Amino acid sequence: MRLLTAAAFALLFASCAGTRPPAPPAARVANAPVLLPVPSDPTVSFSLSFPAGSQMDPPGKEGLAYLTATLMAEGATTRNSYAAILEQLYPMAAGYQVRVDVEQVTFTGRVHRDHLAAYSDLLLDAILRPAFAADDLERLRQRALAHLTRTLRYSSDEELGKAALYTTVFAGTPYGHLPVGTVAGLKAITLEDVRRFYRTHYTRDTVTLGLGGGFDDALPGRLLAALAQLPAGVPALPPPPAVTLRGRQVVIVAKPGPATAISFGFPLAIRRGHDDFYPLWVANSWLGEHRNSSSHLYQVIREARGLNYGDYSYIEHFPEGGWRTVPPVNVPRRQQLFEVWIRPVPNAAAHFALRAAVRELEKLVANGLEDVAFALTRDFLLTYSLHYADTTATRLGYAVDDRFYGIGPPGHLARLRGRLATLTGEEVNAALRRHLNPEHLVIAIVTERAEALAEALASEAESPITYDTPKPPKVLAEDALIARHPLRIPRERIRIVPVDELFER
Amino acid sequence: MHLKFALPAVLLALAAAASAGVFPYRFETHTLANGLKVILVPMPAEGLVAYYSIVRTGSRDEVEPGRSGFAHFFEHMMFRGTERFPAGEYDRLITAMGANANAYTTDDYTCYHLSFAAKDLPQVVELEADRFQNLAYTEQDFQTEAGAVYGEYRKGRTNPFEVLEEALRDTAFEVHTYKHTTIGFEADIAAMPGMLDYSRSFFQRFYRPDNVIILVAGEIDPVEATLTLIRQHYGHWQSGYIPPQVPVEPEQTTPRRVEVPYQGRTLPLLAVMWKAPAFDPADLDVAAGLALGELLAGPTSPLYRELVLNRRTVQRLMGQFQAQRDPGLWGVIAQVAEDEHLPEVEKAIADAVAELERRPPAAEHLEAVKAHLRYSFLMSLETPDQLAGELAPWIALTGGVEGVDTFFATLERVTPAEVQRLAAARLRPERSTVAVLKGVE
């Protein structure tokens, strides 16, 4: 498999030029497609991305980007009702989905070659001819509202904690609401809003087409010619959010529940493609590789102490961490967050677990990564990163994201592996010192013991941990240090929010 | 456990060319003298290999009172090391090779899986063979892990689907071990730290070669070297598996119902389930049942169109026609928009079942279901890890890969009249259990 560059793509079409009559200048898609041909693959993977994410929501209409995109992916077109679309896709075992993030909206799908023509017609219909039917809008609006008010608030404390973290860190910026929107914003959106948003943001000048797998040479041209029917225009993006944290602050989401969920983090100044991103990746992998027992936080909180199910850290946005084992694609952001995720701990252990995690982060930044840990993590990532993109569809996703970040061939993951070959522990530790500063943190906690925890945090009360079972002396000795570890958060920096107030506006 | 029939595409063309079967890859099955079965599936994989150890023991085997959840708990203990490779050393070696390694437990089996570069296969075989034969852990390790399992249970308590499932099973079954979920009853989880001796007997009873199947897929062609490695490292493992006496569930004769409170304003859930047959790929009832699930509650079903798209009283509708080793449950789960819609949604499900009993489904709808299941399966075999993950339940339930082609051949024989007959025979009110979860303040 190889990634065709824009130049190679031009050559592909140049070779056909002699067989066609000269055509008048026509509207064209501005962006070269991302092509990942795999001739032996009997399936074809599609990607259509637009810079039409939730940062483009007008004030008071938070959720407009989300509803527009989901109406395209899960609504009628001018040619078919949504039920008729499902009937046609179903025997192919195919579909198209959309991921709406703050920056990008990406439609993806995969189909067997047997159904390529019929499938691509349906997908193009969704992009070019959405009906924006009133009953589809109500169905999807209702679902989005239920997601915020019932599911996120009451059915997944882990995701709730992370959502509280993002919305607190980026409050007041275009990143400050969840991609799905707010309760008030979703309720205020009209069909006319959706149609206007579509006309403005879904343009031939912003769309990026991606294709992977066993497609024929004619398919890219056919899709691009169709996409050229989109209107022209490049809507101006808002600047990436400029957030500067000062010290530590806590938001405690008060809701009943048997356990406490904790996330904390701060904006990260660098992103994918920056030279320091790769050494930082190694450090983060050591501290908290997602769903991996090699994670140091996992070792400290779960493995040695059995306080919860897992503990991880991130230098890029990582939605759906509860049911995803490797990083997602198509959530590129100009502004990232460094983030620690502590899965639910018993309410009585919340203060202790928070202290343990913050302390480990502080130790990492202050002391750096030891040589042995550096070498082990470097070796781990060299192979483990192969699992990040083991399918054509995922490789295509990475290639499309490379376009967003301005990363040329051979791409982000290959760049990581190349950088690992020469990386030193000193570079990792220098990057850590430059970019991670745990003195400036937002901590989000979901718990039913909001007041008591707030007081305990503010007073730096000791938080001794007790176990039902014996622990080794080494663990107990460290526990005594953790239980007194200062977090330095004054009471006025601790805010308690009833869960029903979250995501309202 | 689900047998998810989702497939990719690589294989369809190959399958059509090679044979009438659906499974597109060549595979070999070998059985060692001690009963250990080894299934090898060579495939192009860009240098990757998937190594799955499938123990045909899950929560269904937890027959002793107070031991629910133990198969899952024991899965955690399998990462606590041996004398030769203590936990830290095992982790270090797995980390150094960049393997993607994990495990999961279901009602019917426990699966340990790794995906890694082909060059590391000898090391992986050595590590896996060692822990399956020589697991050794301290009481402290054991008790600490019990805490992590309790944490997993607590995490699940904020998921209304898991709360619903716990009550549903407890109501639907009287004596069969499907009565408890895989993670187990909370009281049993809380008592796990005191079960050290039991854990050792569990290992001795169930972790035996004649109860385990090794599946290796990916860049292992020619396969002889892999087989030699496995013979070398597992050949001395002593057989001696003794199947537990899993209680047989008596025939259900009256409808059952349970109301499930959930702390917090979640969306209400409605589960309407019926007693189902055990999975057998040659059983026409099983194939017709899996098709029936799609016809009743799939995205092109009249019920889906009516409740999700037209009335919008249901946000998610899911057919749960699962394949299980013993007779389990089939049914429909609806995530309902508001509490007040629950009665009409329940009636709509009953009406849809009655309609399937009254007249057979359209032949073209059934054919679409068959195509959907076939393409879904084929499109899920792109990588060794995907393929092994897809095959694991087939292997656990049937003991091999052959069941795949058997099942799809059986599915081809399903007719609309067969679906109608099955609905009338199986989806009877007296065989049903309804569970309703509502949020409370």
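The legends below describe close-up views of a predicted model.

Residues are numbered from 1 along each chain as its sequence is written, while chains are lettered from A and ligands numbered from 1 in the order in which they are written. Because the model is predicted, local features need pLDDT of at least 70 and side-chain atom pairs count only at pLDDT 80 or more, whereas totals for chains, interfaces and linings use all residues.

**View 1. The side of chain B that touches chain A.** Here 57 residues of chain B are in contact with 57 residues of chain A, contact being counted when the C-beta atoms of two residues, placed from the backbone, lie within 7 Å. H5(B) (139-156) is among the elements that supply at least two residues each, and its 11 residues make up the largest share of this side. (Helices, H or I of at least four residues, and strands, E of at least two, are DSSP runs numbered from the N terminus.)

**View 2. An open five-stranded sheet in chain B.** The strands follow the order S7-S11-S8-S10-S9 with mixed pairing, two strands being paired if DSSP finds at least two bridges between them. S7(B) (256-263) and S9(B) (314-321) stand at the edges with a single partner strand each, so one side of each is left without a neighbour in the sheet.

**View 3. The pairing of S9(B) with S10(B).** These strands run antiparallel over seven bridges, S10(B) covering residues 329-336, and B:Leu317 has B:Ala334 in S10(B) as its bridge partner.
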